[in-house]
Amino acid sequence: MVGGMDYTRLGDSGLHVSRICLGMMSFGDPAKQEWALPEDQAEPIIRRAADGGVTFFDTADVYSSGASETVTGNVLRRIFPRRSDYVLATKVFFPMGKGRNDRGLSRKHIHTAIDDSLRRLGTDHVDLYQIHRWDPETPIEETMEALHEVVKAGKARYIGASTMWAWQFAKAQQVAERHGWTKFVSMQNHYNLLYREEEREMLPLCADQGVGVIPWSPLARGVLARAGSDAATARTGSDERIDFLYEPANDRLIVDRVAELARARELPAAQIALAWLLHQSAVTAPIVGATKDRHVDDAVAAVGVRLSEQELASLAEPYTAREVRF
């Protein structure tokens, strides 16, 4: 432990990561992503996370059309004296241009995308290279072999996946194993107190297969962090996916439980919601976005928050099954 931070292995791999991963989606170019912070505003927040013991950073080529990777690479090189001092993750899939081959998980796009990402990040390798979504137009054999080639070329140390059906993930792993190719060590999926459909199949699959789970949107795009408050943010007014992913009428009971426990424990709601997630045995490191110092402070502090079985059960009890949404 460093300060208040814990560290663990990413699944059954030998890669050690902090229990909190800083999501870099909030940093980039405001002209391309309204609520993104430019580099000069992002750096103090990233430094605060590093000072709190965070060593795991996740971005993607598509965030701010590449600007997030540029900010990420520039700032991390200034903060950490050695490249080996932090774990850097990025992703590939979404369109990065107007051409038909500027997207997806074909061999052509994967090899182009990793080179472009490394150039923007200013490094010769990423520690974790993830497929951002499943590509129904490319044979999974082509994708897994291309990812294996990226690893063997030294451009990525490990590979991970994100947001798909459990059967798709299992198929990809089986294809890689059959051919002796690199297998995924992590799953970056949608999981929080307001969305728990992953508990049905994906989380048990990952636990059984020794795959690390690094959930995105652990605070439900800020909804859980604002439990007990009516305060709006720049993101709430421009992020249409909040309404797509969550169900305010059904979620109110859960949000109220978070607010009640936060008041009782005299802690911010964000710490309560993150602590619940960190108590889930399948979870390795939630990916937390931050645009203010307190966002980082809450995430780091949540690692040390211990919830009782009764408190965990109370937070989970109001949940009702809902439609699967990616």
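## Basis of the model

Because the structure is predicted, local features are described only where pLDDT is at least 70 and side-chain atom pairs count only at pLDDT 80 or more, whereas totals for chains, interfaces and linings use all residues. Residues are numbered from 1 along each chain as its sequence is written, and side-chain values use heavy atoms, with hydrogens and water left out.

## Cysteines without a disulfide

A disulfide is a covalent bond between the sulfur atoms of two cysteines. Here a pair of cysteine sulfur atoms counts as a disulfide when they lie within 2.5 Å, and by this rule the count comes to zero. The sulfur of C21 has its closest cysteine sulfur in C206, at 16 Å, which is too far for a bond.

Both of these residues are buried, a word used here for a relative accessible area under 20%, while exposed means over 50% and partly exposed lies in between (1.4 Å probe, protein chains only). C21 has a relative accessible area of 0%, and for C206 the value is 1%.

## Helix α2

Helices and strands are DSSP runs, numbered from the N terminus, with at least four residues of H or I for a helix and at least two of E for a strand. Helix α2 covers residues 67-79, which makes 13 residues, and from its first C-alpha to its last it reaches 18 Å. This is close to the expected span of 18 Å at 1.5 Å a residue, where the expected span is 1.5 Å times one less than the number of residues.

Of the 13 residues of α2, 10 are buried, so the helix is largely enclosed by the rest of the structure.

## Salt bridges

The structure holds 22 salt bridges, each being a side-chain nitrogen of Lys or Arg within 4 Å of a carboxyl oxygen of Asp or Glu. One of them joins E145 and R107, whose closest N and O atoms are 2.9 Å apart. E145 lies in helix α4 (residues 140-152) and R107 in helix α3, so the pair ties together parts that are 38 residues apart in sequence. E145 is partly exposed, with a relative accessible area of 29%, and R107 is partly exposed, also at 29%.

Another salt bridge, between D116 and R119, has an N to O distance of 3.7 Å, and both residues lie in helix α3, three residues apart, about one turn of the helix. An α-helix has 3.6 residues a turn, so residues three or four places apart point the same way. D116 is partly exposed at 27%, whereas R119 is exposed at 58%.

In the salt bridge between R200 and E197, the closest N and O atoms are 2.8 Å apart; R200 is exposed at 56% relative accessibility, but E197 is buried at 8%. Elsewhere, salt bridges that share partners join E39, E43, R47 and R78 into one network.

## A nonpolar surface patch

W165, W167 and V324 form a nonpolar patch on the surface, with about 330 Å² of accessible area together. Patches are made of residues with over 30% relative accessible area and no salt bridge, where nonpolar side chains (Val, Leu, Ile, Met, Phe, Trp, Tyr) are joined within 5 Å and like charges within 9 Å. The areas come from the Shrake-Rupley method with a 1.4 Å probe, and for residues only the protein chains shown count as cover.
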